[in-house]
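Work through the exercises below with the sequence and the model at hand. Each task is followed by a solution in steps.

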Amino acid sequence: MFGSRLPLAEEFCRLLATEGVVRGVIGPREAPRLWERHLLNCAVVHERIPRGVTVADVGSGAGLPGLVIAIARPDLTVTLVEPLLRRTSFLEEVVAALDLDNVVVTRARAEELLGTRHFDVVTSRAVAPLGRLLTWCVPLVSPGGMMLAMKGSSAAGEIEAAARELRRLRRYGPGEPEVLQAGTGVVEPVTTLVRVAVVGAGG
């Protein structure tokens with residue numbers, strides 16, 4: 001999954017389990033299960049991302065999934081969008097420690113980037129219900145790009161509940177949300193994603 005960059009993933013895991021816990025970026029109970037519960041199920045998201053594109057990870061937190069994707073895919077340019085200073089400080093230190101030249105950390109809320117930044121793919125994990133995510137993320141997606149939200153078994157229900165927000169975003173040209181899986185035969189359980197393709201202004 002990480003190829004020759006596995007040592008970088010291992011070092012990221014170590015930093016999460018040590019500095020990440022001490023600084024409150026990740027809970028102490030998560031430390032023993034970082035690989036199976038966090039890193040691996042985030043890494044498989046890259047299966048759904050085209051080569052050589054720009055990616056924004058909204059509400060990046062501890063760098064999940066954005067930093068993991070950037071480690072697995074050096075061909076991507078990844079922007080980690082996170083509003084909290086203690087988290088962006090941690091992310092910047094990790095990026096420097098791992099010498100990741102394909103990652104930029106941006107301290108901001110997604111709404112603050114509207115109208116100024118666009119990305120081919122916008123990812124998120126455990127940030128907000130889908131309706132709110134659509135409002136934050138769809139306007140950041142370049143025409144022809146997509147939003148990829150990591151969700152669990154509630155994905156279908158969240159899509160139904162987000163119908164109103166989706167209609168309000170019609171001017172950005174979002175398609176109908178679809179539920180996809182990543183990591184089949186690699187992780188158990190598989191990672192569930194909600195994908196929204198964006199065709200561009202006016203639909």
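**Exercise 1. A charged pair and its surroundings**

Task: Decide whether Glu 19 is buried, partly exposed or exposed, and find the salt bridge that Glu 19 forms.

Solution. The model is a predicted one.

Step 1. Glu 19 has a relative accessibility of 36%. Buried means under 20% and exposed means over 50%, with partly exposed in between, so Glu 19 counts as partly exposed.

Step 2. The partner of Glu 19 in a salt bridge is Arg 23, and their closest N and O atoms are 3.4 Å apart. The cut-off for such a pair is 4 Å.

Step 3. Arg 23 is also given a class: at 25% relative accessibility it counts as partly exposed.

Step 4. Glu 19 and Arg 23 belong to a network of salt bridges that also includes Glu 93.

In general, side chains of opposite charge can pair when their charged atoms come close.

**Exercise 2. An aspartate with two partners**

Task: Which side chains meet that of Asp 75 in a salt bridge? Say where the pair with Arg 51 lies in the chain.

Solution. 

Step 1. One partner is Arg 51, with an N to O distance of 3.8 Å.

Step 2. Asp 75 is in the loop between α3 (66-72) and β2 (77-82), while Arg 51 is in the loop between α2 (34-43) and β1 (54-58); the pair therefore ties together parts that are 24 residues apart in sequence.

Step 3. Another partner is Arg 73, with an N to O distance of 2.8 Å.

Step 4. Now compare the accessibilities. Asp 75 has 21% and counts as partly exposed. Arg 51 has 66% and counts as exposed. Arg 73 has 7% and is buried.

**Exercise 3. Layout of the chain**

Task: How many helices and strands are there in the chain, and in what pattern do they follow one another along the sequence?

Solution. 

Step 1. The chain has seven helices and seven strands.

Step 2. Along the sequence they are arranged as α-α-β-α-β-α-β-β-α-β-α-α-β-β.

Step 3. The radius of gyration is 16 Å, close to the 17 Å that the globule rule gives for 203 residues, so the chain is as compact as a globular protein of that length.

Step 4. Taken along the principal axes, the C-alpha atoms fill a box of roughly 45 × 35 × 30 Å. Of the 203 residues, 52% are buried.

**Exercise 4. A buried residue and an exposed one**

Task: Phe 90 and Arg 168 each lie in a helix. Is Phe 90 buried or exposed, and is Arg 168 buried or exposed?

Solution. 

Step 1. Phe 90 belongs to helix α4 (residues 85-98). Its relative accessibility is 2%, so it counts as buried.

Step 2. The C-alpha atom of Phe 90 is separated by 35 Å from that of Gly 200, a residue 110 positions away along the chain.

Step 3. Arg 168 belongs to helix α7 (residues 163-168). Its relative accessible area is 55%, so it is exposed.

Step 4. Arg 168 takes part in a positive surface patch, together with Arg 164, Arg 167 and Arg 170.

**Exercise 5. Backbone exceptions**

Solution. 

Step 1. Start from the background: most residues other than glycine have a negative phi, and most peptide bonds are trans.

Step 2. Leu 64 and Pro 65 are joined by a cis peptide bond with omega about 10°. Pro 65 sits in the loop between β1 and α3.

Step 3. Glu 188 and Pro 189 are joined by a cis peptide bond with omega about 0°. Pro 189 sits in the loop between β6 (178-182) and β7 (191-197).

Step 4. Asp 99 has phi near 55°, a positive value, and is not a glycine. Asp 99 is in the loop between α4 and β3 (103-107), and with a relative accessible area of 65% it is exposed.

Step 5. Ala 126 has a positive phi of about 55°. Ala 126 is in the loop between β4 (119-125) and α5 (130-137), and at 75% relative accessibility it counts as exposed.

Terms used: Residues numbered from 1 in each chain as written. Predicted model: local features only at pLDDT ≥ 70, side-chain atom pairs only at ≥ 80, totals over all residues. Heavy atoms only, no water. Patch = residues over 30% accessible without salt bridge, like charges linked within 9 Å, V, L, I, M, F, W, Y side chains within 5 Å. Areas by Shrake-Rupley, 256 points an atom, 1.4 Å probe, with all protein chains shown as cover. Lys, Arg positive; Asp, Glu negative; His and termini not counted. Charge placed at Lys NZ, Arg CZ, Asp CG, Glu CD. Helix = DSSP H or I, 4+ residues; strand = E, 2+ residues; numbered from the N terminus. Buried < 20%, exposed > 50% of the residue type's maximum accessible area, 1.4 Å probe, protein only. Rg over C-alpha atoms; globule rule 2.2 N^0.38 Å.
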